[in-house]
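Visitor: I have a structure open and would like to learn how to read it. Could you walk me through it feature by feature?

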Amino acid sequence: MATVAHLDFERAIAEVEDQIGHLRTLARERGLDVTSELRSLERKLHDLKTDTFRNLSPIERVQVARHPRRPYTLDYLQLMFSDFIELAGDRQFRDDASVVGGWARLEGEPVMVIGQQKGRDMKENLLRNFGMPHPEGYRKALRLMKLAEKFRRPLVTLIDTPGAYPGIGAEERGQAEAIARNLREMAGLKVPSVAVVIGEGGSGGALAIGVADRVLMLENSVYSVISPEGCAAILWKSGSEREKAAVAMRVTAGDLKELNVIDEVIPEPTGGAHSDWEVTAHSLKDALLRHLGELREMPVDALRAARWKKYMAMGEWRTVQAR
Amino acid sequence: MAWFRKPKTRLQAADRRDLPGDVWEKCPACGDILYREKLKENWNVCPTCAHHMRLPANGYVALLMDEGTFRERDRDLRSADPLKFVDLKAYKDRLAAAERKSAHGEAVITGEGKLDEIPVSIGVMDFAFIGGSMGSVVGEKLARAGLRALEKEQPLIIVSASGGARMMEGIFSLMQMAKTSAVLAQMDEAGLPYISILTDPTTGGVTASYAMLGDANLAEPGTLIGFAGPRVIEQTIKQELPEGFQRAEFLLEHGMLDRIVDRRSMKREVSRLLRHMLALPAPEDFALNVAPDAP
Ligand SMILES: [Zn+2]
């Protein structure tokens, strides 16, 4: 954790955390007994966190989903998996570092893991392109999915991207085609798949690794067709109305579960995933094991038929008397 | 979202006074004054410079389907406004306004018919309906068109024209990309042809799903095609885009399209392709269809 950043609504929490820090330093330096003061401050901290995080507004959840200290794909690969061996390149143009993937073991079982990767600082973000893939990132992902299929291993994808990169090179090399192909290939993949939104689920760039048998979201992650800022700029003609856009688009994990678009919301520790990586990873791992366990029991044909049925049912419409 | 762009060339007020809009039209490319009836007979392609002007959705049905063979399906599907979405305007009011202006209840017409005697399932998007944006109804109608193709073992043809996702349906609009692609996965598996025809403009989620997944991707000349809209890219990279960027010719050059096809020979090209894919005899020469009255 390179930077100690906190969000606006975390300020009160940060202040109490500072107080606790000071008290501990004081106690150590002067040999004072501060046990009871510490206990009361820690209770205060806990209550404050519970209160703050229970009542997060949608736009605050967007901020938590983008929190600079939130665990990223490579962190989960360390926290939940073992024996990760990264595989690079799309075999066509280059290696896109905003997508990482490779073999890893989940409780000893080999699985293919693919995820978007953000950077922690400016230097790493230049390498990771802020987690915004180019077409070659999606083509690398597809290559690894096909590898999982060849060796009949399950696929786990971790989604965390503001979106697919909108740039000249990306368009020249077929951003739309790369995403489209992944959607079609994932729909027909002959192995079980679980996709988890761990942070930002930014539109088609997220969905391009997100068509799966089970789709899960961490409690404070978000998933939407366009960023609240983008939506506000177009429909409200003002980017500053992002709060309204976040509410109207129903971007939170809870919203999406309610709309039956995802299968499960994975709880985060009080204070958000960034406050306790281990606990978050533990919950996520439990959920993955449970879903993969269920999917493993299904014959390939039934698995694919269920996946098609799941996606064919997406959407809501009504029937009127034809004119 | 390309549907917020203004057309590049607009008639000046002075021009408009001289041109009774119901009889004459000025070609935005070469400036020729065209007799509207003649233009319509030419499928809205300028007879002077071959510039392709927009053709309404039922124009494409008439262009591609053998006369009298088209049967529309699922015309009774409407958006359920699943999020009860309200921005500066209520989505349901936007829908009502779009429906009043449009000949159809949504941004796509689907149905069955014959193309040069080949039975096909077809979907044609309508850019005039909320920018051809893809919401639940567009996805469902196209998915059903795909399922009919699968059931009857027929080819599927989709004519795209879209500014992208229907933001007012939030995550449901995003999921239509997965839904339509899932149908195409089954078409692939069944070995059935799918022809994608891209018309101006095709951007966003439609490009990043079915529009790019044809067994042949065909586009009309000059069509704007992209994932991100040109304005979004300009804002991101903070520089102006090169001339011709994201036009059909650019995409052909970069390997994203099979062919650029003049609208007036589109039916013939599709017929020839399908006849190859289905191992049917090559088409006999046929005269061009006659354009119907625009709605
Ligand atoms: Zn002209």
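Guide: We will go from confidence to the interface, and then into some details of chain B. This is a predicted model, in which local features need pLDDT of at least 70, side-chain atom pairs count only at pLDDT 80 or more, and totals for chains, interfaces and linings use all residues. Residues are numbered from 1 along each chain as its sequence is written, while chains are lettered from A and ligands numbered from 1 in the order in which they are written.

Visitor: What average pLDDT does chain B have?

Guide: The term first: pLDDT is the predictor's confidence in each residue, from 0 to 100. Chain B averages 91, and 89% of its residues score at least 70. For the complex, the predictor gives an ipTM of 0.95 and a pTM of 0.93.

Visitor: Where in chain B does pLDDT stay under 50?

Guide: That is residues 1-14 of chain B, for which the model has 20 contacts beyond four places in sequence. Two residues are in contact if their C-beta atoms, placed from the backbone, lie within 7 Å. Where pLDDT is low, the predicted coordinates should not be read in detail.

Visitor: Which strand of chain B pairs with S9(A)?

Guide: Two strands pair if DSSP finds at least two bridges between them. S9(A) pairs with strand S4 (residues 77-79) of chain B in the antiparallel sense, over three bridges. To find the spot, look for Trp317(A), which stands opposite Ser79(B) in S4(B).

Visitor: What packs against S4 within chain B?

Guide: The buried residues of H4(B) do. A residue is buried if 20 or more other C-beta atoms lie within 10 Å of its own, exposed if 12 or fewer, and partly exposed in between, with C-beta atoms placed from the backbone. In helix H4 (residues 91-101) of chain B, the buried residues are Tyr91(B), Leu95(B) and Ala98(B). They cover an arc of only 65 degrees around the axis, which puts them on the same side of H4(B). That arc is taken from the directions from the helix axis to the C-beta atoms. An α-helix has 3.6 residues a turn, so residues three or four places apart point the same way.

Visitor: Which exposed residues are on the face turned away from the buried side of H4(B)?

Guide: That face carries Asp93(B), Ala96(B), Ala97(B), Arg100(B) and Lys101(B). Over the whole chain, 49% of the 295 residues of chain B count as buried.

Visitor: How many bridges does S9(B) make with S8(B), and in what sense do they pair?

Guide: Strand S8 (residues 194-203) and strand S9 (residues 216-219) of chain B pair in the parallel sense over four bridges. Ile195(B) stands opposite Ala216(B) in S9(B). Two bridges also join S9(B) to strand S11 (residues 259-260) of chain B, and these run parallel. Arg259(B) in S11(B) is the bridge partner of Leu218(B).

Visitor: Which backbone details should I look at?

Guide: Stay with strand S8 of chain B, where Pro201(B) has its place. The peptide bond from Asp200(B) to Pro201(B) is cis, with omega near -10 degrees. Next, go to the loop between helix H2 (36-41) and helix H3 (57-64) of chain B, where Asn44(B) lies. Asn44(B) has a positive phi of about 60 degrees although it is not a glycine. Ala50(B), in the loop between H2 and H3 of chain B, has a positive phi of about 65 degrees, and it is not a glycine either.
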